[in-house]
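Hello,

Here is the structure I said I would pass on. My notes on it follow below.

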Amino acid sequence: MVQPYVVIKTLLISFISFSSTLFAASSPCSSSSINKYAELPVVRNISEIHQDNYGRPGLSHITLAGSILHGMKEVEVWLETFSPGTRTPIHRHSCEEVFIVLKGSGTLYIASNSHGKYPGKPEEHFFFPNSTFHIPVNDAHQLWNTNEHEDLQVIVIISRPPIKVFIYDDWSMPHSAAKLKFPLFLEEPCSQEPSKDEL
């Protein structure tokens, strides 16, 4: 019997290969990255794709299909691995986000009432291998590998790249005090430009 995550992984790789040529565009960051997608093979070995932690110990991030390298306009697809105890900051963003859990388990904290003056008390949701969940636009959330013995590995699909990310110190921090990262590109360094909060 074929494992569900193998089918999902195969479908995502097919989608990425097809989309990298369909949604080709120039980079919003630099003219030197225009048409980089044309140099990439249609089928790539994930273990050979650039991996980075972007200054977050315990994280391994690989952009499988992105706005800069592949010219994606509508979605980006990431493969992220969190070592035990690793978590994202509390944050919200200007896009929808879907997670597919390939291995490991953890806890999602999400404040669905984030549209007030601050995120508020989050709901706690346990997730596990072969589970999936989504984050609506601007809902503050945090992903945490609460499993002490195993890495957490997820496929992440985001809409509307590049995204605006607002980072919070805690759940009671006002939206007006959140730190803005925009544009957020997890493929190569780009300049951070100020932008207006959407709430």
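Leaving out residues up to four places away in sequence, which residues does T81 touch? They are G58, L59, S60, D151, L152 and Q153. Please keep in mind throughout that this is a predicted model.

T81 and strand 2

T81 belongs to strand 2. With a relative accessible area of 16%, T81 is buried, because the cut-off for that word is under 20%. Its side chain is joined to that of Q153 by a polar contact of 3.2 Å.

The nonpolar cores

The largest nonpolar core has 19 residues, and those touching the most other members are F99, F127, F133, L143, L152 and V154. Two or more residues come from each of strand 2 (75–82), strand 4 (97–103), strand 5 (106–111), strand 7 (132–135), strand 9 (152–159) and strand 10 (163–168). Strand 9 gives the most, namely four residues. As background, nonpolar side chains in soluble globular proteins tend to be buried together.

Not counting residues up to four places away in sequence, F99 touches S131, T132, F133, I135, L143, V154, I155 and V156. Among these contacts of F99 are F133, L143 and V154, which are also listed with F99 among the core members that touch the most others.

There is also a second, separate core of 11 residues, and its members include A65, V77, I100 and I155.

Strand 5

How many of the residues of strand 5 are buried? Six of the six are, so strand 5 is largely enclosed by the rest of the structure. This holds for both faces: G106, L108 and I110 point one way, T107, Y109 and A111 point the other way, and all are buried.

Strand 5 runs antiparallel to strand 6 (residues 123–127), with five bridges joining them; T107 is opposite F126 of strand 6. It also pairs in the antiparallel sense with strand 8 (residues 140–144), again over five bridges. In that pairing L108 is opposite L143 of strand 8, and L143 is one of the residues that touch the most other members of the largest core.

Y168

Y168 lies in strand 10. Is Y168 buried or exposed? Its relative accessibility is 4%, so Y168 counts as buried. The side chain of Y168 makes two polar contacts that I noted: one with the side chain of R92 (2.5 Å), and one with the side chain of H175 (2.5 Å).

Apart from neighbours within four places in sequence, Y168 is in contact with I90, H91, R92, P119, M173, P174, H175 and A178. For A178, the separation from Y168 is 10 residues in sequence and 5.1 Å in space, C-alpha to C-alpha.

Regards

Definitions and conventions:
Residues numbered from 1 in each chain as written. Predicted model: local features only at pLDDT ≥ 70, side-chain atom pairs only at ≥ 80, totals over all residues. Heavy atoms only, no water. Core = buried A, V, L, I, M, F, W, Y, C linked by side-chain atoms within 4.5 Å. Buried < 20%, exposed > 50% of the residue type's maximum accessible area, 1.4 Å probe, protein only. Contact = heavy atoms within 4.5 Å. Polar contact = N/O pair within 3.5 Å; in protein donor to acceptor, adjacent residues only side chain to side chain. Pairing = 2+ DSSP bridges.
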